[in-house]
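Visitor: I am new to reading protein structures and would like to go through one slowly. Could you show it to me and then take my questions in turn?

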Amino acid sequence: MIKTQLEEVRERIEAACLKAGRSSSEVTLIAVSKTKPISMLKEAYDCGARDFGENKVQELISKKPELPEDIRWHMIGHLQRNKVSQVIGKAVLIHSVDSLRLAQQIETEAARKGLEADILLEVNVAREKSKYGFMMEEVEEAIMLIKNFSHVHIKGLMTIAPFVENPEENREIFKKLFDFAVDIGSKNIDNVTMDVLSMGMTGDYEVAIEEGATMVRVGTGIFGAR
Ligand SMILES: *Cc1c(COP(=O)(O)O)cnc(C)c1O
């Protein structure tokens with residue numbers, strides 16, 4: 001079942017890339033495995049999945065030792081500062097850095113452990129009250145401070161688009177974030193690259209890819225409803 005779903009998602013990614021004139025090698029599929037049992041993750045692994053996304057630190061660190069070591073774990077959910085030390089060195093990328101204080105905490109903990117931490121800044125492009133993330137107008141100021149951190153490296157931006165019936169409704173959101181990332185990237189800021197654009201979920205990943213996503217986070221589409 002997971003095999004079929006995963007294959008379908010891969011085919012749809014391929015088709016979206018083709019439509020957008022992009023190579024599918026530019027797009028990483030993150031299998032969002034939150035709440036799902038190890039057996040299902042193993043099944044996805046056996047079908048070639050190597051990037052897994054979790055939204056809770058506890059779940060990520062408890063699943064990690066149960067699965068092969070070549071899996072790249074992505075922290076995609078809101079991260080509390082008191083959980084940071086547990087996730088440093090475990091997640092290859094923290095997608096959900098939504099405040100300066102959190103970035104500072106990651107810097108402190110990474111330094112303490114002698115490790116590096118790659119992060120994305122989460123942007124609340126749609127300005128939803130219910131969502132975490134920087135407002136668009138706050139991002140640049142945050143980047144100008146975080147760039148000076150020696151253990152934290154900004155690799156790009158992430159957004160969680162609104163829940164909509166028709167994915168076309170989110171096209172503008174993705175386009176906005178892409179343009180913004182291009183703009184920041186063109187400034188060649190030290191210790192900051194904009195290579196990663198983490199956007200698109202089960203309902204809208206094809207549109208996100210058409211608008212420049214380099215990472216899509218798909219849960220339901222692979223593992224079924226939660
Ligand atoms: C759960 C989750 C996803 C995956 O959502 P689906 O709609 O199941 O694909 C993606 N990103 C984040 C941040 C999530 O928490």
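Visitor: In which loop does Thr35 lie, and does Thr35 count as buried or exposed?
Guide: In this predicted model, Thr35 belongs to the loop that runs between strand S1 and helix H2 (38–46). Thr35 has a positive phi of about 70°, although Thr35 is not a glycine. Because exposed means over 50% relative accessible area, and Thr35 has a relative accessibility of 55%, Thr35 counts as exposed.

Visitor: What is the phi of Asn188, which is not a glycine?
Guide: Asn188 is found in the loop between helix H7 (171–185) and strand S7 (192–198), and with a relative accessibility of 65% Asn188 counts as exposed. Although Asn188 is not a glycine, its phi is positive, at about 45°.

Visitor: Which residue of S8 is the bridge partner of Leu29?
Guide: Strand S1 (residues 28–32) pairs with S8 in the parallel sense, and the pairing runs over four bridges. Within S8, the bridge partner of Leu29 is Val216.

Visitor: Which residues of strand S8 are buried on each of its faces?
Guide: In a regular strand the side chains alternate between the two faces of the sheet. Strand S8 (residues 215–218) is covered on both faces, and its buried residues are Val216 and Val218 on one side and, on the other, Met215 and Arg217.

Visitor: Which side chain does the side chain of Ser198 join in a polar contact of 2.9 Å?
Guide: Ser198 is found in strand S7, and because its relative accessible area is 0%, Ser198 is buried. The polar contact of 2.9 Å joins the side chain of Ser198 to that of Arg217.

Visitor: How far is a polar side-chain atom of Arg217 from a nitrogen atom of the ligand?
Guide: Arg217 is one of the residues that surround the ligand, and the others include Val32, Ile76, Ile160, Met201, Thr202, Val218, Gly219 and Arg226. Between a polar side-chain atom of Arg217 and a nitrogen atom of the ligand, the distance is 2.8 Å.

Visitor: How much of the accessible area that the ligand has on its own does the protein cover?
Guide: An N or O atom in the side chain of Lys34 is 2.6 Å from an oxygen atom of the ligand, and in the side chain of Thr220 an N or O atom is 2.5 Å from an oxygen atom of the ligand. On its own the ligand has 380 Å² of accessible area, and the part of this that the protein covers is 89%.

Visitor: Which pocket is the space taken by the ligand?
Guide: The residues around the ligand include Lys34, Arg217 and Thr220. The space that the ligand takes is the largest pocket.

Visitor: How many of the seven residues of strand S6 are buried?
Guide: Strand S6 pairs with strand S5 (residues 117–122) in the parallel sense over six bridges, and here Asp118 stands opposite His153 in S6. Strand S6 (residues 152–158) is largely enclosed by the rest of the structure, because of its seven residues the number buried is six.

Visitor: How far apart in space are Ala208 and Ile173, C-alpha to C-alpha?
Guide: Ala208 lies in helix H8 (residues 205–210), and because its relative accessibility is 0%, Ala208 counts as buried. In sequence, Ala208 and Ile173 are 35 residues apart, while in space their C-alpha to C-alpha distance is 9.0 Å.

Definitions and conventions
Residues numbered from 1 in each chain as written. Predicted model: local features only at pLDDT ≥ 70, side-chain atom pairs only at ≥ 80, totals over all residues. Heavy atoms only, no water. Buried < 20%, exposed > 50% of the residue type's maximum accessible area, 1.4 Å probe, protein only. Helix = DSSP H or I, 4+ residues; strand = E, 2+ residues; numbered from the N terminus. Pairing = 2+ DSSP bridges. Near = heavy atom within 4 Å. Polar contact = N/O pair within 3.5 Å; in protein donor to acceptor, adjacent residues only side chain to side chain. Areas by Shrake-Rupley, 256 points an atom, 1.4 Å probe, with all protein chains shown as cover. 1 Å grid on protein atoms, 1.4 Å probe; cavity = no way out; pocket = protein on both sides within 12 Å on 5 of 7 lines; lining within 4 Å. Sits in = over half its atoms within 2 Å of the grid points.
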